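Student: Could we go through this model together, starting with the ligand and then moving on to helices and strands?
Tutor: Gladly; let us look at it first.

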Amino acid sequence: MRIVLLGPPGAGKGTYASRLTVKLGVPHISTGDIVREEIRKETDLGKKIKDYSDRGVLVPDEIIIKLLAERLKKPDCNEGFILDGFPRTISQAEALEEIAKIDLVINLVVPDEIIITRLSNRLICSKCGAIYNLLTLKPKRDMICDRCGGNLYRREDDKPEVIKKRLNVYRRRTEPLIEYYSKKGLLRNVVCNDLMIPPEDIIKKIIGIIKRCKELRNY
Ligand code: AMP
């Protein structure tokens, strides 16, 4: 199945996608991770896009569409994928239609207060990308990843002033996708309005939606 996870920054897309990928056996594709990897490797492209990412604004459509198209060509995507952080604009969604047929869009509905609290407390593993949260999903050892022992860090764009900017960018450029996918009959909302809801509860809801969708479409 080809699934898009839609929702504001900090809605939990990465956390849920990393669990869904195990349960569904299809890859989790995060354009944010692809962008950060290019920056980390200091490729020519990485140098070009670092500034956008650090400032919390969107990388130009033509660059990100090319990066995603490359990734979707890999054989592990043949049976489906979970997209996290793409599309983020209507033109990205239109470009995606040319590349792949999307079966389902899960829209995570999360109030701003939760997003701000979550992002201000988020930590990421520099080695395996695992996501932690100082309030809800604390690592067992201070600043060390439970899973691989890597060092944890705060993302450059998780600073309070950048969070605000990213939310504005989301409202202006990405939120129109809710209507875009609703009109196509592909959108299902999942409401997460309590910071302390365990990720597994949300995963159960999402899996329920995927099952119903599969039954309806005879997968
Ligand atoms: P994320 O980890 O999804 O929050 O993405 C981090 C940053 O990568 C964003 O703030 C953008 O600068 C860039 N980025 C990731 N995905 C996209 C996209 N689909 N379109 C444009 N920029 C993106």
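**The ligand and its surroundings**

Tutor: A nitrogen atom of the ligand lies 2.8 Å from an N or O atom in the side chain of Thr31, where a polar contact is a pair of N or O atoms within 3.5 Å; within protein, one must be able to donate a hydrogen and the other to accept it, and residues adjacent in sequence count only if both atoms are side-chain atoms. This is a predicted model, in which local features need pLDDT of at least 70 and side-chain atom pairs count only at pLDDT 80 or more, while totals for chains, interfaces and linings use all residues. Residues are numbered from 1 along each chain as its sequence is written, and side-chain values use heavy atoms, with hydrogens and water left out.

Student: And what does the ligand have 2.6 Å from one of its oxygen atoms?
Tutor: That is a polar backbone atom of Val57, whereas an oxygen atom of the ligand is 2.9 Å from an N or O atom in the side chain of Arg36.

Student: How much of the ligand's accessible area does the protein cover?
Tutor: The protein covers 96% of the 480 Å² that the ligand has on its own, with areas taken from the Shrake-Rupley method with a 1.4 Å probe.

Student: How many residues surround the ligand, and which element gives the largest share?
Tutor: There are 17 residues around the ligand, each with a heavy atom within 4 Å of it, and α2 provides the largest share with 4 residues. Helices here are DSSP runs (H or I, at least four residues), and strands are too (E, at least two), numbered from the N terminus.

Student: Switching to helices, at what angle do α7 and α8 cross?
Tutor: The axes of α7 (residues 160-174) and α8 (residues 176-183) cross at roughly 35° and come within 5 Å; axes are lines fitted to C-alpha atoms, for helices over the stretch in contact, with angles from 0 to 180 degrees between N-to-C directions.

Student: Now the strands: in what order do they come in the open sheet?
Tutor: The order is β6-β5-β7, with antiparallel pairing, and two strands pair if DSSP finds at least two bridges between them.

Student: Why is one side of β6 and of β7 left without a neighbour in the sheet?
Tutor: Both β6 (131-133) and β7 (152-153) stand at the edges and each has a single partner strand, so one side of each has no neighbour in the sheet.
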